[in-house]
Amino acid sequence: NCVSVLPPQPGQFMPSVWSDEYALGEVAADHLLGRGCRRFLIAAVSHGINYLPYYQCLEGFLRRVTAARLHECDIRCLWSDLPEECASPELLFSRRRIDFADCDALLALTDDYAIRCMAALAKRGVKVPGQLAVVGIDGTRAGANATPPLTSVAHDHTAMAKAAFDILRRRRQAEHITVKPILIERESTAINRTEATQH
């Protein structure tokens, strides 16, 4: 017996346990909206890969922010598949002439790029999280060691493994379980007391 970790297809007999890519973006949006962020910058570099989960995560984020129906909400997406911009957020920011005074949150579609973004922001004197909250996607170990430690949204692999084991133990066929992603909240989106009173 086996369990698929991909979204089930119509008529699929094999059981599956999977994590919704759209929900990754939704969880990130909920966290930033709850923090009071309203002016979003999305660093959506594709590294030259037409990777469907990137689009789904981005759509989930946009869908959630739009559904909030907030006044004075702004979203700017920096999409690029140029190798040099995928390697260097500083180059991406410079070419797009980003004024970080007009932003209060940045979402990067991978932890790796979020960490690079924070390094580029530090060189520009932009304080994270004081001036800009930063969220990544993946939940990698590198995020915990970043400066500052990176808030990230990740697939809940532990819950997925438990669900898959339960399906195999009960020998269930054609059962499909969706596991919600988890928020790993760290310092890159922290709100200090001074900042909170200003809001």
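Predicted model: local features only at pLDDT ≥ 70, side-chain atom pairs only at ≥ 80, totals over all residues.
Local features here need pLDDT of at least 70, side-chain atom pairs count only at pLDDT 80 or more, and totals for chains, interfaces and linings use all residues. Residues are numbered from 1 along each chain as its sequence is written, and side-chain values use heavy atoms, with hydrogens and water left out.

**Exercise 1.** Determine how helix α1 and helix α2 pack.

*Solution.* 
Step 1. Two packed helices are described by the angle between their axes and the distance between the axes. Axes are lines fitted to C-alpha atoms, for helices over the stretch in contact, and angles run from 0 to 180 degrees between N-to-C directions. Helices (H or I, at least four residues) and strands (E, at least two) are DSSP runs, numbered from the N terminus.

Step 2. The axes of α1 (residues 21-34) and α2 (residues 52-68) lie 6 Å apart, at an angle of about 40°. α1 is therefore oblique to α2; angles under 35 degrees count as roughly parallel, over 145 as roughly antiparallel, 65 to 115 as roughly perpendicular and the rest as oblique.

Step 3. Contact means heavy atoms within 4.5 Å. Among the residues making the contact are L24, A28 and L32 of α1 and C57, F61 and V65 of α2. By class, this contact has 11 nonpolar, three polar and six charged residues. Ala, Val, Leu, Ile, Met, Phe, Trp, Tyr, Cys and Pro count as nonpolar, Asp, Glu, Lys and Arg as charged, and the others, Gly among them, as polar.

**Exercise 2.** Describe the contact of α4 with α5.

*Solution.* 
Step 1. The axes of α4 (residues 89-96) and α5 (residues 111-123) come within 8 Å and cross at roughly 65°.

Step 2. Contributors include L92 and F93 of α4, together with Y113 and L121 of α5. The classes are seven nonpolar, no polar and two charged residues.

**Exercise 3.** State the strand order of the open six-stranded sheet, and identify its edges.

*Solution.* 
Step 1. The order is β3-β2-β4-β5-β6-β8, with mixed pairing. Two strands pair if DSSP finds at least two bridges between them.

Step 2. β3 (74-80) and β8 (182-184) are the edge strands, since each pairs on one side only.

Step 3. Within the sheet, β5 (residues 133-137) and β6 (residues 151-154) pair in the parallel sense over three bridges. G136 stands opposite S152 in β6.

Step 4. α5 packs on the sheet, touching β2, β4, β5 and β6, and its direction makes about 155° with that of β5.
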